[in-house]
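Please look over the protein below before reading on. The briefing that follows goes through its contacts, its overall build and one part of its surface.

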Amino acid sequence: YKIYTPEFQKNIEIHSDIKEFLRTNDYKYHIVSSGSHHSIDPHLEKEGILEYFENILALEESTSKVEKFKMLFEKGITPINSIFITDTVGDILEAREAGLQVIAVDFGFHQSEHLEAHKPDALCSDWRCVFQEIKSLK
């Protein structure tokens, strides 16, 4: 992870469609990640989208995403009105444990067959699908 993440972030650019979605929708955005603030925050700032995230809960807050979800719930975020977007089966399981709806994307870490076996609310192969599913699940 320590080798993969910095190299990945050095070569990745946040797609303009994602930036536009963040700017033009009234949703509240939060990040719950296994990464560290050291890698997340500067990347979002470099991409000009850090300001759109109300909370960023990273490795420094907890190693458990379930615990991080609980931290958000303590701030008034409700599971019923929240959607977690992920590319891993482990995240699907933790989001389910926290009572969240889940959109899985197969263009990240795990492939679609593996993700689909864990029954996310939606499975997407591109960002346009994710944007449509966010609007339909809300």
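Among contacts in the protein chain between residues at least 6 apart in sequence, what percentage join residues at least 24 apart? The value is 47%, where a contact means heavy atoms within 4.5 Å. This is a predicted model, in which local features need pLDDT of at least 70 and side-chain atom pairs count only at pLDDT 80 or more, while totals for chains, interfaces and linings use all residues. Residues are numbered from 1 along each chain as its sequence is written, and side-chain values use heavy atoms, with hydrogens and water left out.

**Overall build**
- The protein chain holds seven helices and five strands, which are DSSP runs numbered from the N terminus (helices H or I, at least four residues; strands E, at least two).
- Read from the N terminus, the elements follow the order α-α-β-α-β-α-β-α-β-α-β-α.
- The radius of gyration of the protein chain, taken over C-alpha atoms, is 14 Å, close to the 14 Å that the globule rule gives for 138 residues, so the chain is as compact as a globular protein of that length; the rule is 2.2 Å times the number of residues to the power 0.38.

**Burial and surface**
- Of the 138 residues in the protein chain, 41% are buried, and buried means under 20% relative accessible area, exposed over 50%, and partly exposed in between (1.4 Å probe, protein chains only).
- The protein chain exposes about 8,400 Å², of which carbon and sulfur atoms supply 52%, with accessible areas coming from the Shrake-Rupley method.

**Ile-85**
- Ile-85 lies in strand β3, which covers residues 83–86, and is partly exposed, with a relative accessible area of 33%.

Definitions and conventions
Areas by Shrake-Rupley, 256 points an atom, 1.4 Å probe, with all protein chains shown as cover.
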